[in-house]
Amino acid sequence: MSDPGTVPNPHMDWTDIWEFGSNHQVRAALTAQLYRYVRRKPFQDECQEVRDHSYVPTFGGTWLSPDRYDSAAAAKAGLALPELPEHRIGPFWSLDVVFDGISLRASPPRFGEVGGGWELTTTRRIPFGERHKLT
Amino acid sequence: MGTDDNAPHSVRRTAQAYMKTSPMFESPSEAWPKVLPVVESLVDDALRAIEVRYLWDISADEWIGDCAALAVYWSMPKQSRWERVLGRSVSFLLDEDWVLQMWGAVWEDDWEKGQRRVREVGRAKAKTDALRKEDIRGFAESLSPVVKELVSVVHSAQLGREYKTTSLSGSSLEHR
C-alpha cells in the first residue's frame, strides 16, 4: 500500500483483508460498522429510500462515519458538520458499502468545528439502517 | 356598462400589491445548486489571486451532512505525510434563514501524537437579498470582496498560541 490513508477496493475476500493486518486503520475500515448522521426528517432526507429499503443519495455522495456518537453536539464537533444532526442511522456493515467517494480520512476543521472524526463518502446505494434520535 | 379590468381573468388586469412575483427559490436548499458554482468560482479566483495553485492540493466538498454547504481545503495534512503541514480551509453554509455563513481555519495534524491543533482565523456572514431577488450576478459581486478577504486571511494565518486541540485517536477504529 503506497498510501495508508486510502481504503482499498472493498471487492476483496478475507485473505486480502488479513494482509492488511499491520495497517489497523485500513483493516478496521473494512470490517467496521458505519453510521450516517442526518439533520432532516426521513421524508426530507438527502437520500431517497428505494423499493428494496436501501438508500440512494440525492445530491452527490452520502456521508458515512465509523464513529458512533450518541449526542448531536458530539457528532457535529467530531465530524465538523455544518448543523446539528437530528438522527443517527445505522449501523451499516462496511463491506456492504462501495467506497467510491472520499476515502476514509479524519474530518478536516470546517464550519467552526475542530473535526478529527473519521469520515468517508459513497455515491452508491447503501443498505437500510435503523434510525436513532440523537440527544 | 364597462368591463371590470381587475377581474381575475382579465388580460388588462392592473398590478396589485398582492400580486408579487413568486420567489425563484422556495428554500436555501433549492437555491444552493445555483449558488454553489458562484461560491466555488469566487474561492477559485481568490486562491488564484494569492497564487495558490493545484500544487497545494486543493480539494472541495459539497453538501456536507445533507446541508447547503461547501468546504474548500488546501495544503491539507495527510496521515501518510509525516512532515508538518499547516492545513487551511474555508467553509460556507447557506442556512435556513438565508444567511451565507463563512468560516476560515488553519490546522496541523500530528499523527505520531494523535493530536490536532486548530485555530479559527476568520468568520463572516453575507446577506443574500440579491440572491433571493434572482440576481445571481449581483449576489456574486457583493460576495466577491468578502470571499477574497477570507481566503487571504486564512492563507496568511499561522497557528500561533491560541488554538484548540483535539485527539486524532484511531482507537475507536482499531478495537471495533
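**Figure 1. Asp61(B) and its bridge partner in strand E2 of chain B.** Asp61(B) has Ala71(B) as its bridge partner in E2(B). Ala60(B) stands opposite Val72(B) of E2(B). Strand E1 (residues 59-62) of chain B pairs with E2(B) in the antiparallel sense, over four bridges. Pairing here requires that DSSP finds at least two bridges between two strands. Strands (E, at least two residues) and helices (H or I, at least four) are DSSP runs, numbered from the N terminus. In the hairpin of E1(B) and E2(B), six residues lie between the strands. Trp63(B) in this hairpin takes a positive phi near 50°. The model is predicted; local features need pLDDT of at least 70, side-chain atom pairs count only at pLDDT 80 or more, and totals for chains, interfaces and linings use all residues. Residues are numbered from 1 along each chain as its sequence is written, while chains are lettered from A and ligands numbered from 1 in the order in which they are written.

**Figure 2. The other neighbour of E2(B).** E2(B) and strand E3 (residues 87-94) of chain B run antiparallel, joined by six bridges. Ala71(B) has Ser91(B) as its bridge partner in E3(B).

**Figure 3. Burial of E2(B).** Strand E2 (residues 69-74) of chain B has six of its six residues buried, so it is largely enclosed by the rest of the structure. A buried residue has 20 or more other C-beta atoms within 10 Å of its own; an exposed one has 12 or fewer, and partly exposed lies in between, with C-beta atoms placed from the backbone. Ala69(B), Ala71(B) and Tyr73(B) point one way from the strand. Leu70(B), Val72(B) and Trp74(B) point the other way.

**Figure 4. Ala69(B) in the largest nonpolar core.** This core has 63 residues. Such a core is a set of buried Ala, Val, Leu, Ile, Met, Phe, Trp, Tyr and Cys residues joined through C-beta atoms within 7 Å. Val43(B), Ala69(B) and Val151(B) touch the most other members. Helix H1 (residues 28-49) of chain B gives the most to this core, with eight residues. Leaving aside residues up to four places away in sequence, Ala69(B) touches Pro82(A), Trp63(B), Ile64(B), Ser91(B), Phe92(B) and Leu93(B). Contact means C-beta atoms, placed from the backbone, within 7 Å.

Figure 5. H3(B) covers residues 136-156, 21 residues in total. The helix reaches 30 Å from its first C-alpha to its last, close to the 30 Å expected at 1.5 Å a residue. The expected span is 1.5 Å times one less than the number of residues. A kink of about 35° lies at Leu143(B), shortly before the proline Pro145(B). The bend is the angle between axes fitted to the seven residues ending at a residue and the seven starting there.

**Figure 6. The buried residues of H3(B).** These are Phe139(B), Leu143(B), Val147(B), Leu150(B), Val151(B), Val154(B) and His155(B). An α-helix has 3.6 residues a turn, so residues three or four places apart point the same way. The buried residues of H3(B) pack against H1, E3, strand E4 (100-110), strand E5 (115-126) and helix H2 (129-132) of chain B.

Conventions. Contact = placed C-beta atoms within 7 Å.
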